[in-house]
Protein chains: 2
Amino acid sequence: MIQGDPLKNIRVVLTQPSHPGNIGATARAMKTMGLGALYLVNPRHFPHAEAAARASGALDVLERATVCTSLPEALRDCVLAVATSSRQRELRHDVMSAREAARAIVSDAAAYPVALVFGNETSGLSSEEAGLCNWWAYVPANPEYASLNLAAAVQIFAYELRMAAVEGTLARVAEFAPATSEQVEQLYRHFEQTMIESGFLDPANPKRLLPRLRRLLARARLESDEVNILRGFLKTVGKPLLK
Amino acid sequence: MIQGDPLKNIRVVLTQPSHPGNIGATARAMKTMGLGALYLVNPRHFPHAEAAARASGALDVLERATVCTSLPEALRDCVLAVATSSRQRELRHDVMSAREAARAIVSDAAAYPVALVFGNETSGLSSEEAGLCNWWAYVPANPEYASLNLAAAVQIFAYELRMAAVEGTLARVAEFAPATSEQVEQLYRHFEQTMIESGFLDPANPKRLLPRLRRLLARARLESDEVNILRGFLKTVGKPLLK
């Protein structure tokens with residue numbers, strides 16, 4: 001747990017970025033706002049001369065970037081992951097503006113690692129990727145042309161995060177330790193397994209049950225102890241099903 | 001559409017931009033936020049293929065750009081001109097943050113043309129150029145590295161202008177029907193019952209389990225459908241326990 005500057009606890013995650021120039025411009029956008037932790041999930045080209053050129057004076061951010069092979073790997077240890085969009089997306093998650101999201105993120109980041117997740121330049125975030133996040137945050141862009149460049153979107157979010165940090169939001173009253181995304185993922189798997197074993201869920205015909213469960217768990221912002229309680233309960237009710 | 005659209009009355013002025021890529025990226029940044037009037041004072045290269053490439057879907061803004069040979073020419077008819085910087089500059093002018101400036105600009109732009117003026121990538125605005133403006137506005141950037149890319153600075157100002165224009169009209173996106181407190185109470189009772197029947201909870205020694213469950217359900221802000229899903233699941237896993 002890192003106390004102090006909330007911006008130090010915020011990581012920017014780019015999933016499958018296509019253009020190295022955007023990776024460099026992202027590093028620059030981050031550093032101008034005091035962010036330093038860049039995570040790259042399967043970048044098409046990295047490292048790359050164009051990334052370095054566009055990073056300008058933020059070469060250090062680029063050089064310290066963490067390259068991952070999956071989004072869960074990039075989100076490890078985070079208590080909050082926010083998916084970003086320039087559009088208001090389907091309502092599978094709580095949706096909020098960049099400004100609202102920044103205040104909530106900075107509040108959590110006072111004590112815990114949090115992640116802001118950006119999709120590929122063309123395809124954005126997949127449903128599966130978004131499903132690993134707690135909320136959607138969007139930039140209220142021109143509905144007739146909402147196509148922000150990737151690094152420009154990062155710039156706006158980074159700016160709002162800095163503004164929120166400067167504003168001095170009240171730190172979240174953390175009575176209990178929040179669950180990590182890894183713990184919540186394990187709980188989700190446990191639920192899924194028990195639902196199948198009990199016959200409640202037919203894996204051949206799952207309908208919308210699992211995405212809805214994921215959405216519910218994302219919104220609940222579970223604590224670590226609560227995950228343990230729910231998994232204990234699932235273990236207990238699951239036992240007779242296996243007899 | 002934004003009421004009496006003030007964004008239509010706001011021009012972005014780039015003075016002596018060196019890199020055509022930045023001109024294109026500026027056009028894109030503007031259009032994503034609903035701005036359309038781009039003025040270029042003595043651009044080094046314009047038009048240029050790189051400007052067109054970086055403009056992406058904002059080629060129309062680029063094609064309609066007005067090329068001028070002096071800043072006074074670009075400011076003609078404007079009732080307000082705001083010089084921009086990523087640093088807090090010398091106090092020869094009124095200085096305000098991008099957010100404060102955006103509110104003032106939008107207010108004037110409801111009725112009159114106003115200009116937001118950006119300097120050259122390397123040298124910024126000269127004293128002479130700044131002297132033609134009414135105020136300085138700055139992006140509150142990282143004091144250790146405040147070097148925003150030109151188009152990134154335009155993106156932040158354009159975003160703040162749009163936010164100022166739509167302020168108050170941003171409603172939180174309506175979600176699915178929320179559960180009533182009665183439904184949540186029934187779910188809580190159902191959980192309690194299944195926890196007891198499964199042996200997970202000893203009613204003679206409940207510890208803090210039930211208050212924590214209640215707290216979790218309260219925080220989750222459940223939807224009506226989600227209560228039904230969870231109760232269906234509890235019903236299914238509860239059946240074998242009664243045999």
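When I say helix or strand, I mean DSSP runs numbered from the N terminus, H or I with at least four residues for helices and E with at least two for strands. Before I go on, this is a predicted model, where local features need pLDDT of at least 70, side-chain atom pairs count only at pLDDT 80 or more, and totals for chains, interfaces and linings use all residues. Residues are numbered from 1 along each chain as its sequence is written, while chains are lettered from A and ligands numbered from 1 in the order in which they are written.

So which residues of helix 9 of chain A are buried? They are Leu213(A), Arg214(A), Arg215(A), Leu217(A), Ala218(A) and Arg219(A), with buried meaning 20 or more other C-beta atoms within 10 Å of a residue's own, C-beta atoms being placed from the backbone. The helix has twelve residues and spans 17 Å from first C-alpha to last, close to the 16 Å expected, which is 1.5 Å times one less than the number of residues.

Now the interface. 50 residues of chain A are in contact with 49 of chain B, contact being C-beta atoms, placed from the backbone, within 7 Å. On the chain A side, elements giving two or more residues include helix 1 (20-32), helix 7 (150-167) and helix 9. Helix 10 of chain A gives the largest share, eight residues.

On to the sheet in chain A. Seven strands make an open, parallel sheet in the order 3-2-1-6-4-7-5, where strands pair if DSSP finds at least two bridges between them. Strand 3 (66-68) and strand 5 are at the edges with a single partner strand each, so one side of each has no neighbour in the sheet. On average, neighbouring strands are turned by 25° against each other, direction ignored.

Zooming in, strand 1 (residues 10-15) of chain A runs parallel to strand 2 (residues 37-41) of chain A, joined by five bridges. Thr15(A) sits opposite Val41(A) in strand 2 of chain A. Helix 7 of chain A lies across strands 1, 4 (80-85) and 6 (114-118) of chain A, at about 155° to strand 6; axes are lines fitted to C-alpha atoms, for helices over the stretch in contact, with angles from 0 to 180 degrees between N-to-C directions.

Conventions: Two residues are in contact if their C-beta atoms, placed from the backbone, lie within 7 Å. A residue is buried if 20 or more other C-beta atoms lie within 10 Å of its own, exposed if 12 or fewer, and partly exposed in between; C-beta atoms are placed from the backbone.
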